[in-house]
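Subject: Handing over the structure

Hello,

I am passing this structure on to you. Please look it over, then read the notes below.

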Amino acid sequence: MRSSAIVLASRPTGAPGPEHFRTEAIEINEPHEGEVLLRVLYLSLDPYMRGRMSDAKSYAKPVPVGGIMEGETVCEVTQSGSPEFKPGDIVRAMTGWCTHAVMDAKRVRHVNTYGAPISTALGVLGMPGFTAYGGMKVIGQPRASETVVVAAASGPVGSLVGQLAMRAGARAVGIAGGKDKCDYVKDALRFDAVVDHRSADFVSELSRACPDGVDVYFENVGGHVWDAVFPLLNQYARVPVCGLIAQYNDPGKGEQDRLPATMSAILRRSLLLRGFINTEFVERYYEAFQQEIGPLVASAQIKYREDIVDGLENAPDAFIGMLSGSNFGKLLVRISH
Ligand SMILES: NC(=O)c1ccc[n+]([C@@H]2O[C@H](COP(=O)([O-])OP(=O)(O)OC[C@H]3O[C@@H](n4cnc5c(N)ncnc54)[C@H](OP(=O)(O)O)[C@@H]3O)[C@@H](O)[C@H]2O)c1
């Protein structure tokens, strides 16, 4: 049997292009005992994948050149050599960017989205949603009347961060790129305020949107957005450092002169900056996340948006675009219906 897969053709320096990916036909075996054969339905495209394309030292191993691009998928079980799964079951697994895969059943999880579409298992009810939940619960800890700022606010992490802030009684201020995303954050997600980071007056508009300063800044992007938020941080502000997407294509950018001023502010304003990778919180909080957020998503009390691209062959372009903000909502590739 054959699977179609997208492999890493070469390592990019700077922004990746289509030449860094290649489609290959991969031979796969029938599943043995303890394995399942999966037909991929949805592939999640996530910013962390840019890191896997690089062999710079990181918290996770890089994808080898010629290896299948890493990624989580929602799949249908088509053959099973495990009593835990039967054909027709909907599961999630790290199959990578491909159409079919044989996986060890121990590395496959049943999907429970409480009646919400199964695609949400890769977004608001999956890893990105859990990242927002864990980062806010453990580090952000918003309180009533505080101001919480988050960028990439229309995306799966940022949109849930803001909604969790409002549920805690805090003011949510979103930062997003362009009018359509800003309108969505204000009108559909009902954030208290939104600022467009592409606006020429971004710095002063952000300052006006935060008249009492910033108590929690959930850092998703870095770059010029961090520069604008940093002076607004209040005494004892908390900064869950979740992602730095503005810097992924150019990790050394602007790092040279900032450190002394940053350290001085951390000391003078007693700031808490704490980096995290969501996996750190899985054991302690994943169950609680699903039980708390699942029913809220299914009953539309928590809102989310998906940006679905059709066909595995379109995954590289969609991924490349996401790194400069072309996605609008959780980016997914529909591999099969
Ligand atoms: N620590 C963890 O465990 C963990 C887990 C998941 C995700 N993350 C991180 O969380 C962040 C958000 O992830 P997501 O999946 O929710 O992504 P997303 O919002 O679906 O997509 C990324 C968004 O980042 C914004 N962006 C891209 N380049 C930018 C720039 N130069 N300046 C400002 N904004 C820029 C764009 O939104 P706009 O057009 O609105 O600017 C883009 O749509 C990423 O940094 C990701 O790496 C971390």
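**What was found**

Helix H9 (315–322) is largely enclosed by the rest of the structure, because six of its eight residues are buried. Buried means under 20% relative accessible area, exposed over 50%, and partly exposed in between, with a 1.4 Å probe and protein chains only. Helices (H or I, at least four residues) and strands (E, at least two) are DSSP runs, numbered from the N terminus.

The buried residues of H9 are Ala315, Pro316, Ala318, Phe319, Gly321 and Met322. Their cover includes strands S1 (2–8), S2 (21–27), S3 (35–44), S14 (306–310) and S15, along with helix H1.

Some ground rules. This is a predicted model, in which local features need pLDDT of at least 70 and side-chain atom pairs count only at pLDDT 80 or more, while totals for chains, interfaces and linings use all residues. Residues are numbered from 1 along each chain as its sequence is written, and side-chain values use heavy atoms, with hydrogens and water left out.

**Domains**

The chain is divided into domain 1 (2–123 + 306–334) and domain 2 (127–279). These bounds come from an automatic or database domain assignment. Taken over C-alpha atoms, the domain centres are 28 Å apart. In domain 1, 20 residues are in contact with 13 residues of domain 2. Contact means heavy atoms within 4.5 Å.

**The ligand**

Where does the ligand lie relative to domain 1 and domain 2? It lies between them, because both give residues to the shell around it. The ligand is surrounded by 29 residues. The closest are Lys181, His197, Asn220, Tyr248 and Asn327.

The shell divides into 16 nonpolar, 11 polar and two charged residues. Here Ala, Val, Leu, Ile, Met, Phe, Trp, Tyr, Cys and Pro count as nonpolar, Asp, Glu, Lys and Arg as charged, and the others, Gly among them, as polar.

For asparagine 220, a backbone N or O atom lies 2.7 Å from a ligand oxygen. For phenylalanine 276, a backbone N or O atom is 2.9 Å from a ligand nitrogen. At leucine 323, a polar backbone atom is 3.5 Å from a nitrogen atom of the ligand. The protein buries 92% of the 910 Å² that the ligand exposes when taken alone. Accessible areas come from the Shrake-Rupley method with a 1.4 Å probe; for residues, only the protein chains shown count as cover. Helix H2 (127–140) and helix H3 (156–167) are the elements that give two or more residues to the shell.

**Asparagine 327 and lysine 330**

Asparagine 327 sits in the loop between H9 and strand S15 (330–334). It is buried, at 13% relative accessible area. A polar atom of its side chain lies 3.1 Å from the backbone oxygen of glycine 329. Beyond its neighbours within four places in sequence, asparagine 327 is in contact with Lys181, Asp307 and Met322.

Lysine 330 is in strand S15. Is lysine 330 buried or exposed? Lysine 330 is buried, with a relative accessible area of 4%. Its side chain makes a polar contact with the side chain of serine 44, at 2.9 Å. A polar contact is a pair of N or O atoms within 3.5 Å; within protein, one must be able to donate a hydrogen and the other to accept it, and residues adjacent in sequence count only if both atoms are side-chain atoms. Leaving aside neighbours within four places in sequence, the contacts of lysine 330 include Leu122, Pro128, Pro156 and Asp307.

**Backbone and surface**

Most residues other than glycine have a negative phi. Tyrosine 114 has a positive phi of about 55°. It is in the loop between strand S7 (108–110) and H2, and is partly exposed at 33% relative accessibility. Serine 270 has a positive phi of about 50°. Its loop runs between helix H7 (259–268) and strand S13 (272–275). Serine 270 is partly exposed, at 30%.

Aspartate 55 lies in the loop between helix H1 (48–52) and strand S4 (73–80). It is exposed, with a relative accessible area of 55%. Not counting residues up to four places away in sequence, aspartate 55 touches Arg11 and Pro62.

Best wishes

Technical notes
A residue is near a molecule or strand if one of its heavy atoms lies within 4 Å of it.
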